[in-house]
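Student: I have a structure open and would like to go through some of its details. Can we start?

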Amino acid sequence: MAARMSLSVQDRQLRELARHLKTFEDGKVLRRNLAKKLRTAVKPVVVQVKAAIRSMPSKGRGSGPSMRAAIAKRVAAQARPTTGRTAGVKIVARKPKLRGFANAPQRFNRRSFRHPTFGDTDVWVTQAGRLGWFDDVIARNRPRFRREVKGVLDEFKRELDR
């Protein structure tokens, strides 16, 4: 299940290309290759988002896997070069499968939040987050993100024209 935190590029050019790929005999393979190239193009932004959450200071006991590391592990690029409105590429921060902490990526993207200590609902703590660990990195990289996706699309179109 994906958290609502994402940046996506859903461009008309990508939707048109996806429709065009359906006319090819090996369109499924071409769409899979396009998806792979799109994910590769935005990988530097994904790496920066992961670094932002991992660099958040911790005041915990350090007795188990870090929640920040678990969140970073679940940050990924998703590419859907299909037809219709879903054609696009986005960076998502999915819910980590650690300690049953619901919506951890969203909560860590706030100044502070309250949660039970290690699932013990009798003991609650206020934890500091880092406002914008996801949003600010994405905002800084939005032009690069779009430029990389456009570059992949242009390169893919040139390959198809050959």
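Predicted model: local features only at pLDDT ≥ 70, side-chain atom pairs only at ≥ 80, totals over all residues.

Student: Ok, helix α6 then. How far apart are its end C-alpha atoms?

Tutor: They are 37 Å apart. Helix α6 covers residues 135-161, which is 27 residues, and at 1.5 Å a residue it should span 39 Å, so the two values agree.

Student: Where's the kink in α6?

Tutor: At asparagine 141, shortly before proline 143, and the kink is about 60 degrees.

Student: And which residues of α6 are buried?

Tutor: Asn141 is one of them, and the buried residues also include Val137, Ile138, Phe145, Val149 and Val152. Further along, Leu153, Phe156 and Leu160 are buried too.

Student: Switching topic. How many salt bridges does the structure hold?

Tutor: One. It joins the side chains of glutamate 155 and lysine 37, at 3.9 Å from N to O. Glutamate 155 lies in helix α6 and lysine 37 in helix α2 (residues 27-41), so the pair ties together parts that are 118 residues apart in sequence.

Student: Why does glutamate 155 count as partly exposed and not buried?

Tutor: Because its relative accessible area is 36%, and buried means under 20%. Lysine 37 also counts as partly exposed, at 26%.

Student: What about glutamate 148, where is that?

Tutor: Glutamate 148 lies in helix α6. Its relative accessibility is 30%, so it counts as partly exposed.

Student: How far is its C-alpha atom from that of valine 42?

Tutor: 6.8 Å, although glutamate 148 and valine 42 are 106 residues apart along the chain.

Student: Now rings. How many aromatic pairs are there?

Tutor: The count comes to one. Tryptophan 133 and phenylalanine 134 make up this pair, with ring centres 5.6 Å apart and 80 degrees between the planes. That arrangement is edge-to-face.

Student: Are those two buried or exposed?

Tutor: Tryptophan 133 and phenylalanine 134 are both buried.

Student: Last one, asparagine 103. Which loop is it in?

Tutor: Asparagine 103 is in the loop between β3 (88-94) and α5 (104-108). At 26% relative accessibility, asparagine 103 counts as partly exposed.

Student: Which side chain does asparagine 103 have a polar contact with?

Tutor: With the side chain of lysine 95, at 3.4 Å. As for isoleucine 71, which is 32 residues away along the chain, its C-alpha atom is separated from that of asparagine 103 by 9.9 Å.

Conventions: Residues numbered from 1 in each chain as written. Heavy atoms only, no water. Helix = DSSP H or I, 4+ residues; strand = E, 2+ residues; numbered from the N terminus. Expected span 1.5 Å × (residues − 1). Bend = angle between axes of the 7 residues up to and from the residue. Buried < 20%, exposed > 50% of the residue type's maximum accessible area, 1.4 Å probe, protein only. Salt bridge = Lys/Arg side-chain N within 4 Å of Asp/Glu carboxyl O. Phe/Tyr/Trp six-rings, centres within 6.5 Å; stacked < 30°, edge-to-face > 60°. Polar contact = N/O pair within 3.5 Å; in protein donor to acceptor, adjacent residues only side chain to side chain.
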